[in-house]
Amino acid sequence: MKAFIILILIQIDLIYNHICGTNKLKFKPKSIDLSSKIKKASIKNVKSSSYTPIAIGYDFSTLSRPSSMTSTIFSNVKSLLQETRQEFSKFVQVQHEEFDLTGLKNTIMDVCALDVIGQDYPNFLIDNDIIIFPMFESLDDGVLAAAAPCIIASKTHRPYGGILYINSNLNFNIKNTKAYMKQILLHEITHILVFHPYFFEQLKMNTTSGGKSYIKTSKVLAAAKKHFGCSNFPFPGVPLEDQGGEGSVGSHWESRYMLGDYMVSTAFPDYAISDITLALFEDSGFYKVNYYSGGLFKFGENKGCDFLTKDCIVNEKATFDEFCDVEDEPKCSSSRALKSKCYIVTYLSNINSEYRYFSNPKVGGYSPANFCPVAFESSTSSDYFPNHCQHGTSSSSYGEKMGANSFCFMSSLSTQSISATPVCYPVECDSTNKQIKVTVGSYTVTCDEGIHSVSGLYGNIQCPSYDDICASSDDTACNDIFSCFNQLAKKDNYNYETSYYDYSGATITNDDDDDDEYYPFATSDECKIKDNLFLLILFCLLAL
C-alpha cells in the first residue's frame, strides 16, 4: 500500500510546476477597426517612424482584491506586473501609434469580457503601446495564470489589448514565489503579444503536416537551423505542442525539441528565452527585438538534424547528452543553471507506444517532452527553485556558492574523497582566451573543456566548453533570463527607459452585453483526474 501511495505522489509532483491555461480560456479574440481613431496630429506620434521600447500599461480597475487575499499579496502581484513589463521594454520594441478610444467603452468591454473599465479608457492607447486588463480568478489546479489578446486591429492584426487572469489562490509562502511568478507573467504576456493561435492563423505563420502544427516563418526557421546546427531542417517549421490537452496544444513550442524555452506549455525549472522565440516576435511584423537571451537555451544546441529525428532513447540508452537512462542519476541541467537528476518514473498505465523507450511499458521520462528522460528537478510545496544556482540554497558541498553568475558543474572537488555530484560555483568569462575561471572555495580553477584536478583538493571537476556557459559576444555569464536582460542591456549604449501609465478608476456598466455564455475557464478532465488522485491518496493514508 505504501509503495502505491509513493507511486501516485511521484506522478503528481508536477502540480507545483505551472501549466499554462491560455487555451482553456473560453475566449476568442475579436478584431476592432481602429483606423478612424488614430491621432494624426499627435505630438507623440512622431515616434511612429521609429521603433521604441514597448510601453505596456495596466488597467488596474479590473484587478479587484479577493476578500481572502491579504493586502501584502495584492501589492506583490501589482509590483510583479510592473516589474515584468519593464523586462519586456528591454528586448521588445514597437512603432508607437496613438488611438483616441473615445466612444469605444462598450466595444472594449465586450471584446475583452470586462465588467468594469478604467475611467480614462480613451487614453489607453495614447499613453501606451498596449493595455492589459489583469484580474483574479479561481483557476484550475496547477494553473497560476492565463492570458489572451482581446483588442486587435482589424487590418494589421496587431494586438493593442489583452486579458490576464491570475490565480486568486496564490501562495507567497512558497520560497521564491516572486521569481517564479515573474517568469509565469513573462510567459502569459507573450501570449498576448504574439504567441497565440489567433496570430499564427491570421498572419499565416503556421502550417500543418501529418496532423502536427509548425511555425514556418523565415526568421524562426533560420534561428532554429542555427541553434540545432541543422541546415537541412527535417520539418516544415518548428513544431508546436501536440499533446497535453486543450491547455497546451497549438499554442506552445513542442517540449521534445524546445525544452527549457519559456514558451513551452509547462513551466520547466531550466528556464530560458531562445533566439527562436525572439525571432517569432520579429516574424509577426509588429516588433523588433534585442537578442538578449544570453545564450541560455542549450537544449539540442549544435546537435545536428539527428537530434530532431532520432528517438531520445535507443536500446534503453540515451542518444544525446540532453537525455539520460539511469533513474535519479545526478546531472546538471542543459543550461547548467541548476542541479538536477535524471527523471524516470513508473506511470500508472502503459505509455503510448510512440513514446515508449523501455521494456517496461509503464516506465518513461518527462511526459511533456514525449516521455523522454531528461535532467529535471521539480518545484516543491515549499520552494519553487530548490536547486537553482541563483535562487536555491547552498548545500554542504565544498566551495558551493549561489549567485547570478553561478553555474552547475559535475564535481568531486573537496577536502576529502567524495563522489562527483552537481555543484554550483561562481564563474568569470575570459573571452580573449575563451576560458572559464571557476571559484571553488578559496581556489580559482582555469577551466578549459575537460576534466581538471586542483592542487590541494581531492577529486576533479568536469569543465564544459566556453560557449556552454559564456555569452559568445562578450564576457557575460548569467544564469536566468532576467539576469541576462539586465547585464546585456547595461553593456549596451542604448537607453531602454520608458514611461508607463497605469489606470485605476473604474466605470461600472449596466449594459446587457451577451456575457452569459462567457466563462473564464472550463474544468478539464486532466484536473478532474488530479482531484481524484488527491482523494485516493487521502483515502489510502487514512486506511493506514
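## Strand pairing

Two strands pair if DSSP finds at least two bridges between them. Helices (H or I, at least four residues) and strands (E, at least two) are DSSP runs numbered from the N terminus. This is a predicted model, in which local features need pLDDT of at least 70 and side-chain atom pairs count only at pLDDT 80 or more, while totals for chains, interfaces and linings use all residues. Residues are numbered from 1 along each chain as its sequence is written, and side-chain values use heavy atoms, with hydrogens and water left out.

Four bridges hold strand β9 (residues 206-209) antiparallel to strand β10 (residues 212-215), with Asn-206 opposite Ile-215. The two strands form a hairpin with two residues between them, and Gly-210 in the turn has a positive phi of about 60 degrees. β10 also runs antiparallel to strand β11 (residues 238-239), to which two bridges join it. There, Tyr-214 has Pro-239 of β11 as its bridge partner.

## Helix α9

Eight of the nine residues of α9 are buried (under 20% relative accessible area; exposed is over 50%, partly exposed in between; 1.4 Å probe, protein chains only). Helix α9 is therefore largely enclosed by the rest of the structure. Its buried residues include Ile-276, Leu-278, Leu-280 and Phe-281, as well as the charged Glu-282 and Asp-283. Just after the helix, Gly-285 takes a positive phi of about 85 degrees.

## Aromatic pairs

The whole structure holds 33 aromatic pairs. Rings of Phe, Tyr and Trp (its six-membered ring) pair if their centres lie within 6.5 Å; planes under 30 degrees apart are stacked, over 60 edge-to-face, and the rest tilted. Phe-199 and Phe-286 form an edge-to-face pair, 6.0 Å centre to centre with 75 degrees between the planes. Phe-199 lies in helix α6 (residues 197-202) and Phe-286 in the loop between α9 (275-283) and β12 (287-289), so the pair ties together parts 87 residues apart in sequence. Both Phe-199 and Phe-286 are buried. Ring pairs also place them in a cluster whose members include Phe-88, Phe-91, Phe-281 and Tyr-287.

Phe-299 and Phe-323 are likewise edge-to-face, at 5.8 Å centre to centre and 90 degrees between the planes. Phe-299 is in the loop between β12 and α10 (306-309), and Phe-323 in the loop between β14 (317-318) and β15 (330-332), so this pair ties together parts 24 residues apart in sequence. Phe-299 and Phe-323 are buried.

## Charges over rings

A charge sits over a ring if NZ of Lys or CZ of Arg is within 6 Å of the ring centre and within 35 degrees of the ring normal. Lys-78 lies over the face of Phe-60, at 4.7 Å from the ring centre. The charged end of Arg-256 sits over the ring of Phe-307, 5.1 Å from its centre.

## Cavities

There are four cavities of 30 Å³ or more. On a 1 Å grid over the protein atoms alone, a cavity is a set of points where a 1.4 Å probe fits but cannot get out; lining residues have an atom within 4 Å of a point. Grid points are joined across faces, edges and corners, and a volume is the space filled by probe spheres set on the points.

The largest cavity has about 60 Å³ of space. Its lining includes Phe-299, Leu-259, Phe-268, Asp-270 and Glu-322. By class, the lining has five nonpolar residues (Ala, Val, Leu, Ile, Met, Phe, Trp, Tyr, Cys, Pro), two charged (Asp, Glu, Lys, Arg) and two polar (the others, Gly among them).

Definitions and conventions
1 Å grid on protein atoms, 1.4 Å probe; cavity = no way out; pocket = protein on both sides within 12 Å on 5 of 7 lines; lining within 4 Å.
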